[in-house]
Amino acid sequence: TLALRGSTFESTLPPYGGPLVVRLSRPEGRGGSLEARSEIAPPFRVKAPASARAASGIAIEWDASAPATFATRIDFGGSCIASQSRPLAFDTGRYELNPGELEKPGVEPRCKVTVVVAKRYAESSVQTDTTTFELTP
């Protein structure tokens, strides 16, 4: 189903990865048609332990994509750590938050940390997944 919201068409796609073609056709004599092609990253889930100690670091994992296909970025932050963003040169399906990234002196030592992994293909589509974990000193 395709819904018009303001000047944006929106649709919910099933879990799918691969080529996507969108065709918008106007009635005869009302302008041309539009066809847009893109690639959608395969569905993936971000995983982290329910809780972690800042002094130990923490491994964040997800399903990796084929090399050089999708630009991948990990963003993380919480009230007890600085918000940070890391573009990844390769999508290995894993990122280790080291203790230095989990420090923010002078604030509450315990908090919920949100992690977002985003995969972008050719600037035309972005797929994200989010997880959270409890950070303790």
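What follows is a short walk along the salt bridges.

Before you start, bear in mind that this is a predicted model, where local features need pLDDT of at least 70, side-chain atom pairs count only at pLDDT 80 or more, and totals for chains, interfaces and linings use all residues. Residues are numbered from 1 along each chain as its sequence is written, and side-chain values use heavy atoms, with hydrogens and water left out.

How many salt bridges does a search of the whole structure find? Seven, counting a side-chain nitrogen of Lys or Arg within 4 Å of a carboxyl oxygen of Asp or Glu.

First stop: select Arg23 and Glu35, whose closest N and O atoms sit 2.7 Å apart in a salt bridge. This pair links distant parts of the chain, 12 residues apart: Arg23 is in strand E3 (18-24) and Glu35 in strand E4 (34-40). Strands here are DSSP runs of at least two residues, numbered from the N terminus. Arg23 is exposed at 58% relative accessible area, while Glu35 is partly exposed at 38%. (Buried is under 20%, exposed over 50%, partly exposed in between, with a 1.4 Å probe and protein chains only.)

Next, pick Glu101 and Arg86, a salt bridge at 3.0 Å, N to O. Glu101 lies in the loop between strands E9 (94-97) and E10 (111-121), and Arg86 is in strand E8 (81-88), 15 residues apart. Is Glu101 buried or exposed? Buried, at 7%; Arg86 is partly exposed at 27%.

Finally, go to Arg94 and Glu96, bridged at 3.1 Å, N to O. Arg94 is partly exposed at 41%, as is Glu96 at 38%.

Notes
Helices (H or I, at least four residues) and strands (E, at least two) are DSSP runs, numbered from the N terminus.
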